[in-house]
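User: I'd like to learn how to read the features of this model, one at a time. Could you start with how strands are paired?

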Amino acid sequence: MDALLGYSSVETDYDRRYSTEGYYWGLMPNRLCYDIMKIIPPIRPYRVLDIGCGEGKDAVFFAKCGYAVTAFDQSEQGIEKAKRLAEHNQVEVNFFKADLFDYRPDREFDIVFSSGVLHFLPATVRQELTESLKECTAENGIHALNVFVNKPFLTRVPDKTREEDNRHPWYSGELFGYYHDWLFHMCREEIFDCNSGGIPHKHCMDTLIAQKQEGEME
C-alpha cells in the first residue's frame, strides 16, 4: 500500500535495523548536541525538534539536559525503542511517528536539529521544507543540521539496502545557501572515513549551525 501511495521503502529497512535488542547507532549523543548547548544552554526548557530521531539517543540526551523535546521518525521500531530509552532515563519526550515528506511543524521551536536524515529529500522539496522550518523557529532560535554532499572523486560503495536508492546527496554549499539570511555559528565541510556495510569508504558532509536574528523578515 505504501508503494502504491508513493512512499519509499526506507521505513522497512530501518525497522529491520532497529529490531535488534541493542541500539544500532549506540547511545552516545551526536557531537552537534554539545555545540547546540554552547549556543543555547538549557537555562530554561527550550523547545527542541529532533527530525529523524531514530532510536532516540539524541532526543533523550536533550531531555536529560533540561530541554523540552519533540522528536519524530518514520520507523515504528525506532520510535518504540526511543520511548523505552526515555522511560529508562526517566525523562519525557514527545515521540511520534511521521514521514519527513509529510510533516510540517504547527508550532514554534527554539532549536531544530537533524543529523543524517535530510539526504533523503530530493532537491525539489528541500527549499520548501527549509522555509517551513525557518518560519516555525522562534527569534534567536537555531538550526543544527548536516547533509551528505556529492563529490565526484568519492566513489559510492555498493549497498544492498533499499534506503540507499532513496538517498539524494546535496551539492557542496547548498545547505548554507538556504540560510544566507541567518547568523552562522558553524559552517563546515569535511570528508570522513566510514565502515558501514563492512566496506571501508569515505563520505563528505556539510554541517551548519545557524541562528535566526531578532526582527528578521520572513
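Analyst: Two strands pair if DSSP finds at least two bridges between them. The strands themselves are DSSP runs of E, at least two residues long, while helices are runs of H or I with at least four residues, and both are numbered from the N terminus. Here, β5 and β7 run antiparallel and are joined by seven bridges. In that pairing, Ile 142 sits opposite Gln 211 of β7. Before we go on: this is a predicted model, where local features need pLDDT of at least 70, side-chain atom pairs count only at pLDDT 80 or more, and totals for chains, interfaces and linings use all residues. Residues are numbered from 1 along each chain as its sequence is written, and side-chain values use heavy atoms, with hydrogens and water left out.

User: How many bridges join β6 to β7, and how do the two run?

Analyst: Eleven bridges link them, and they run antiparallel. Glu 190 stands opposite Met 205 in β7.

User: What is the strand order in the open sheet?

Analyst: The seven strands go β3-β2-β1-β4-β5-β7-β6, with mixed pairing. The edges are β3 (93–97) and β6 (183–194), each pairing on one side only. On average, neighbouring strands are turned by 10° against each other, direction ignored. At the β3 end, β2 (residues 68–73) runs parallel to β3 and five bridges join them; Thr 70 is opposite Asn 94 in β3.

User: Which strands does helix α3 lie across?

Analyst: First, the terms: contact means heavy atoms within 4.5 Å. Axes are lines fitted to C-alpha atoms, for helices over the stretch in contact, and angles run from 0 to 180 degrees between N-to-C directions. Helix α3 (residues 57–65) lies across β1 (47–51), β2, β3 and β4 (109–114), at about 160° to β3. Helix α4 (residues 76–88) also packs on the sheet, touching β2 and β3, and its direction makes about 165° with that of β3.

User: Is strand β7 mostly covered or uncovered?

Analyst: Buried means under 20% relative accessible area, exposed over 50%, and partly exposed in between (1.4 Å probe, protein chains only). Strand β7 (residues 201–211) is mostly covered, with ten of its eleven residues buried.

User: Where does Glu 174 lie?

Analyst: In helix α6 (residues 174–177). Glu 174 counts as buried, at 17% relative accessibility. The C-alpha atoms of Glu 174 and Arg 126 are separated by 9.8 Å, although the two are 48 residues apart along the chain.
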